[in-house]
Amino acid sequence: MTDWSGYLSLILQGAVVTVQLTVMGSALALVMAFVAGLGRLSRFAGLRWLATAYIEFFRGTSIFVQLFFAYFVLPFAGISLTPLQAGVLALGLNVGAYAAEVVRGAILSIGKEQYEACIALNLSRWQCMRRIIVPQALLVMLPTFGNNAIELLKATSVVSLISLADMTFQANIVRSQTGNTLFPFATILILYFAFAMIITFSIRALERRMARGLDGVRN
Amino acid sequence: MTEPIIKIDAISKSFGNFQVLDGLSMQVMPREKLALIGPSGSGKTTILRILMTLERIDAGHIAIEGEQLYHMPKNGGLVAADERHLTKMRQKIGMVFQLFNLFPHMSVIDNVTLAPMLTKGVARAAAEKRAMELLDMVGMSEKAKAMPAQLSGGQKQRVAIARALALQPKIMLFDEVTSALDPELVEEVLNVLWKLCAETDMTMLLVTHEMGFAHDFADRVLFFDRGKIVEEGKPDEMFSNPKQERTQTFLRKIIAAGHRV
Ligand SMILES: Nc1ncnc2c1ncn2[C@@H]1O[C@H](COP(=O)(O)OP(=O)(O)OP(=O)(O)O)[C@@H](O)[C@H]1O
Ligand SMILES: [Mg+2]
């Protein structure tokens with residue numbers, strides 16, 4: 001009789017790594033999305049160019065190569081990262097490039113009458129962005145951000161390639177030690193799905209909270 | 001002799017190939033209530049938008065209280081105004097839009113307090129106190145905590161007026177502020193304008209199709225057509241005895257369309 005609880009705890013250890021990667025990767029992606037998304041809309045050509053270069057580069061190359069680069073090549077430039085750091089960096093920059101386009105699109109979706117109200121009230125460009133445009137655009141971004149976070153969650157498994165012991169990595173260990181495929185892969189299938197659901201429902205809750213009052217429904 | 005508060009000198013404005021204003025000049029005296037009337041597309045909105053710096057001019061000069069709006073002195077000459085100069089000049093001017101342009105993600109009171117807090121450094125408590133006075137004046141203090149989407153059009157417009165007033169501009173621009181409203185809501189907004197007219201010494205420029213209101217409200221009426229002032233005068237003369245053919249035609253059409261004069 002195999003002791004499944006020991007193997008389960010192995011997989012759960014991996015799940016902790018997967019969650020860490022997802023949370024930290026999403027945080028980095030969020031920052032990059034705003035930096036690059038606003039950068040693309042900047043008045044300054046240099047900033048626009050930099051943001052575009054970042055977005056196109058990270059969308060145009062694969063996450064595998066980006067991860068290998070972060071882990072195996074950066075040390076030659078004197079930057080040695082732990083596998084977790086390399087994973088967060090690659091995932092955050094990669095997904096951030098996609099999410100930057102979401103930020104840009106959402107900001108462009110806000111009508112020009114809101115900008116004109118800002119000018120009539122003498123707000124600076126920055127005040128207008130921060131207090132008027134971005135808060136409204138955030139609501140437009142949220143659903144797609146949820147998708148981006150789920151994409152990132154699913155992409156975390158690439159880190160097993162730099163031998164970071166995430167959930168997929170551990171499931172493979174369990175498979176090779178027990179010869180059983182159903183238990184480890186059914187377990188991580190359920191866990192990935194559960195994590196994705198948590199993201200989906202958190203985003204929905206956030207969306208409802210932020211949309212409060214915007215639709216004219218009293219509450 | 002008092003100086004005009006607004007001095008528009010030979011300004012031109014084109015959108016692409018289409019010239020809306022061609023060398024327009026006009027002056028407005030302090031505290032004057034001016035009604036701008038004229039057919040659709042005659043450039044009334046464009047003039048207000050230019051004064052609010054929402055559109056740039058191609059040629060000419062505008063002075064507000066003797067100070068250039070789109071130019072600033074440099075090395076003995078005039079150069080194009082930078083953002084800082086525009087920011088300074090905008091403090092003198094406020095605008096109320098046809099479609100209100102409230103900030104939908106903010107409560108009524110936050111809509112009113114935001115700009116004074118951000119642009120004048122007014123403390124929150126003071127800004128809210130002032131906002132409540134203004135909301136009271138426009139009859140909206142009970143809705144201070146409401147979100148814009150919960151308000152009727154007339155209520156939104158009254159909030160928008162309070163919001164613009166919070167910055168205490170010397171000049172207020174009103175662009176067809178009742179045109180988007182259901183007929184039964186027009187009155188409540190016009191009443192607020194009346195109050196402003198009676199209780200403040202702001203200079204007011206009003207673009208409107210409400211000829212009855214323009215007649216009672218304005219010190220002077222300007223009739224525009226194709227970017228030019230065709231005729232101007234006291235409301236009584238303008239409405240009962242217009243001199244120009246085009247003014248007569250316009251007023252006849254407006255009356256036929258059911259507007260009171
Ligand atoms: N952003 C723009 N791009 C192109 N054309 C414009 C723009 N804004 C205004 N115009 C044109 O300029 C002319 C004057 O417009 P304006 O809005 O000032 O007229 P108006 O007198 O306010 O008319 P209405 O009574 O219909 O509001 C119109 O022919 C309009 O189509
Ligand atoms: Mg107009």
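Predicted model: local features only at pLDDT ≥ 70, side-chain atom pairs only at ≥ 80, totals over all residues.
A residue is called buried here when its relative accessible area is under 20%, and exposed when that area is over 50%, with partly exposed in between. By that rule, 42% of the 219 residues of chain A count as buried.

Let me begin with chain A as a whole. Chain A has eight helices and zero strands. Read from the N terminus, the order of elements is therefore α-α-α-α-α-α-α-α. Along the principal axes, the C-alpha atoms of chain A fill a box of roughly 75 × 50 × 20 Å. If we take the contacts in chain A between residues at least 6 apart in sequence, 75% of them join residues at least 24 apart.

Chain A carries 16 positive and 9 negative side chains. The centres of these two sets lie 8 Å apart.

The next topic is the contact between chain A and chain B. How many residues does each chain bring to the contact? Chain A gives 24 residues and chain B gives 28 residues. Between them, the two chains bury about 2,200 Å², with 62% of that on carbon and sulfur atoms. On the side of chain A, the residues that lose the most area to chain B are L121(A), N122(A) and R131(A), which together account for 28% of what that side buries.

Charged pairs also cross this interface. The rule finds two salt bridges between chain A and chain B. In a salt bridge between E83(B) and R125(A), the N to O distance is 3.6 Å. There is also a network of salt bridges that links K112(A), E116(A), R49(B) and E55(B).

Over all chains, a search of the whole structure finds 18 salt bridges.

The next pair is E128(B) and R124(B), with a salt bridge at 3.4 Å, N to O. Both residues lie in helix α4 of chain B, residues 124–137, and they are four residues apart, about one turn of the helix. E128(B) is partly exposed at 27% relative accessibility, and R124(B) is partly exposed with a relative accessible area of 45%.

The last pair is K129(B) and E133(B), which form a salt bridge whose closest N and O atoms are 3.5 Å apart. Is K129(B) buried or exposed? At 57% relative accessibility, K129(B) counts as exposed, because the cut-off for that class is over 50%. E133(B), with a relative accessible area of 42%, is partly exposed. Because K129(B) and E133(B) are four residues apart in helix α4 of chain B, about one helical turn separates them.

Key. Residues numbered from 1 in each chain as written. Chains lettered and ligands numbered in written order. Heavy atoms only, no water. Helix = DSSP H or I, 4+ residues; strand = E, 2+ residues; numbered from the N terminus. Buried < 20%, exposed > 50% of the residue type's maximum accessible area, 1.4 Å probe, protein only. Contact = heavy atoms within 4.5 Å. Lys, Arg positive; Asp, Glu negative; His and termini not counted. Charge placed at Lys NZ, Arg CZ, Asp CG, Glu CD. Buried area = accessible area lost by both parts, 1.4 Å probe. Salt bridge = Lys/Arg side-chain N within 4 Å of Asp/Glu carboxyl O.
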